[in-house]
Amino acid sequence: MRGDRAVRALGVAALAGMIATVWLGLFVTPNAVGYADGTVRLLYIHPPLAWVMFIAYGMATLSSLLYLWPRTRHARFDRLAGASAEVGVVFTGLTLVSGSIWGRTTWGVYWAWDPLLTTTALLFVLYLGYLAMRNVPGDPDTVARRSAIAGLVAFLDVPIVFFAVSWWSLHQGPTIDLATRHSYVHGSMAWTLLLGFVSFTLTYVWLMVHRYRLAALRARESDEGLESALADRWAEALQ
Amino acid sequence: MAPAVSLRDAVALAGRFPLLAGVTLDVGEGEIVHLSGPNGAGKSSLLRLCCGLLPLRSGSAVVLGHDLALDRRAVRLFVGYLGHESFLYDELTVEENLRFAMRASGSDAEEAKRRSQVAMARLALSGRLPATPVAKLSAGQRRRAALAVVVGRRPRLWLLDEPHAGLDHDARVVLDEIISEARAGGATVVLSSHELGESDAHPLADRVVHLAGGRVVQAPPATGAVADDAGRPVAAPAARPATAPAPEAANPPRLTPQSEAVHVA
Amino acid sequence: MLRDAALVCGKDLRIELRSKIGLNQVAPFAATVLLLFGLALGPNRQALQPAAAALFWIAVLLSVVLAVQRSFAVESADSARDGLRLSGLDPAGIFLGKGAAIVAQLLALEALLTVGVALLFGAQLSGGLVLLGTCVTASIGLAAVGVVYGVLSSGARVKETLLPLLLLPVAAPVLLGATKAWDEALAGTPGQAGVWLSLLAVFAVAYVAVGSVAFGPLLEGA
């Protein structure tokens, strides 16, 4: 297929980027002042993971909107939404794990109910529910429409959850304060961080391409199944 | 005069299974059409399609001037559907159910009360029955109550799925009278049953349409020679399913003399 | 639309009055939840009293799942759901009507549970206006999101497990806001509850609006 070489190049680039990020992060960049030994290295993984999570959910929501809008209604947007939500859930899980590890090294506990991590946890469960709902069997157009609406309804909750949790922990608890962090990020650290963002984003795109293809193949199989089902139904009439 | 129901190669699915595999049918206004066919032929599906409950996958369906590919909801106010289920609320009484249904279809409280009483009287739901919760009714009484809802709504198109099933002899007589009255009032009636053969056709029916395998066939399958509704001899299907989601109607299934389905990329 | 809503609300409430499921099943369920909390955290009131608001709202949240399931179980018996589609009622009206019926049941339940937490957990009831305002806004928001997910899952075969999984995470902000508002009221500082009440109000408005639009397609689709 035409796009295969491009996708393979993309995959290689993503993999190379990630390996480089890990190598740079572990061995080349210096320890930062004010952090426990070595924990700053999670900086190159955790924010990129969270970033991809947001793109993934954003993409899923955008695709849902496009699917519902009559002028752009096409099955490809439904597949994009499903694929993006799946990849998003995976990255959310990873964000939670990396955030939890970071919390352990910084605050001594695996979970300290800070606003960002709590919001992430809620998003995780929210989109797990969305995926569960997509898997409920039914007529493809029906499932697509239902999923698109459910995706938007769920997405509506995201800002509300975020603000609620932020206000909730205003008075207590530690937070991963990104503002002060920036003052430590310079030089090789900044480049490594940027590389981290880029390579994770490439990985997201690569995963999306493959997941989307899988969904498209499934849809095609189902369409072809329909032709043979119509033929069988006909045969019934001729008996 | 435009037909009340006009279907061209209508395909409707349940998941992957084609309930209707390309139905072409015209029903004129004021006609009484008897749908006949074996179990699983698609009679119920056809009725459900016509009242907008079943989505149209491909082909075209125009009912009472409404294009079902564009909007399935608008036609429902003008259609009365009697299905296998009764659509009644168990905890409410017969009268309460009727009044709810009347008010839902647009009548105000006074009108709803009047129509309910007329409908109940017509179907001999009298005495203590109107005040009985539906859960306590027998199957036959429940059927009559469901029929009363249709009668009270006074629809332009009646879609009755095996209406005689579950009714005793007296009730069947009343049902036939109601159907005649409906036609006299200008309504169109499509009713189904699973009796095969011309001799079993409903006496009131203007014509019989036979369904098998989700399509209209002219003679009952047992006779061998098969033709579709337009009289063309039918050999084998080559259907092209819709590749875009509804409501865009895709190309209708094509009939070719080949014996295998044409593979479409 | 409003006329249809009133019709559906009346129908649902009448069915509820006849079947008394709310009285016989949902209320005892909520009371049981409170008792179980008491068993788990008690008998010393020291753990229970500060947690009274949280436990109250968790009990309400769990009861909403039941109430929504019941609201749609009524429609699946004898395919009344198809009947609703055929009836000619405006879907937004059906949404509002079903939602309003659930709000009414929730408010009755919350009144009962308020007595419960006062008795069982020793909650000092103060700031009544805030308590009431929270109950009203939270109930509206919960009912709205409940009806949306209720219709979505009612067509599915796995609906019993799907509904809680879908509903509870989305309802998390309501739990948060309502609990915090009640905490402020019970602690004697009802004035601090303003931000939480506004959160609840935003949630309620957002989901009533979304639900009115989304209910129609969802009713058809599933």
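This is a predicted model: local features need pLDDT of at least 70, side-chain atom pairs count only at pLDDT 80 or more; totals for chains, interfaces and linings use all residues.
Colleague: Hi! Are H2(B) and H4(B) roughly parallel or roughly antiparallel to each other?
Modeller: Helix H2 (residues 94-104) and helix H4 (residues 139-153) of chain B pack at an angle of about 30 degrees, so H2(B) and H4(B) are roughly parallel to each other. (Under 35 degrees counts as roughly parallel, over 145 as roughly antiparallel, 65 to 115 as roughly perpendicular, and the rest as oblique.) Helices here are DSSP runs (H or I) of at least four residues and strands (E) of at least two, numbered from the N terminus.

Colleague: Thanks! How far apart are the axes of H2(B) and H4(B)?
Modeller: Their axes are 10 Å apart. (Axes are lines fitted to C-alpha atoms over the stretch in contact, and angles run from 0 to 180 degrees between N-to-C directions.)

Colleague: And which residues make the contact?
Modeller: H2(B) brings Val94(B), Asn97(B), Leu98(B), Ala101(B) and Met102(B), and H4(B) brings Ala145(B), Ala148(B), Val149(B) and Gly152(B). (Contact means C-beta atoms, placed from the backbone, within 7 Å.) By class, these residues divide into seven nonpolar, two polar and no charged. (Ala, Val, Leu, Ile, Met, Phe, Trp, Tyr, Cys and Pro count as nonpolar, Asp, Glu, Lys and Arg as charged, and the others, Gly among them, as polar.)

Colleague: New topic: what is the phi of Ala124(B)?
Modeller: Phi of Ala124(B) is near 55 degrees, a positive value in a residue other than glycine. Most residues other than glycine have a negative phi. Ala124(B) lies in the loop between helix H3 (109-122) and H4 of chain B. Ala124(B) is partly exposed, because 14 other C-beta atoms lie within 10 Å. (Buried takes 20 or more such atoms within 10 Å, exposed 12 or fewer, and partly exposed is in between.)

Colleague: What about Arg154(B), where does that one lie?
Modeller: Arg154(B) is in the loop between H4 and strand S7 (157-161) of chain B. Its phi is near 50 degrees, again a positive value in a residue other than glycine. With 17 C-beta neighbours inside 10 Å, Arg154(B) counts as partly exposed.

Colleague: Over to chain A. At what angle do H3(A) and H4(A) pack?
Modeller: Helix H3 (residues 75-107) and helix H4 (residues 115-134) of chain A pack at about 150 degrees, with their axes 9 Å apart. That is why H3(A) and H4(A) are roughly antiparallel to each other. By class, their contact has eleven nonpolar, eight polar and two charged residues.

Colleague: Nice. How many helices and strands does chain C have?
Modeller: Chain C has ten helices and zero strands. Of its 222 residues, 56% count as buried. The C-alpha atoms of chain C fill a box of roughly 55 × 30 × 30 Å along the principal axes.

Colleague: How many residues of chain C are in contact with chain B?
Modeller: 18 residues of chain C are in contact with 19 residues of chain B. On the chain C side, helix H1 (2-19) and helix H5 (80-86) each supply at least two residues. The largest share, six residues, comes from H1(C). That side of chain C has seven nonpolar, five polar and six charged residues.

Key
Residues are numbered from 1 along each chain as its sequence is written. Chains are lettered from A and ligands numbered from 1 in the order in which they are written. Two residues are in contact if their C-beta atoms, placed from the backbone, lie within 7 Å.
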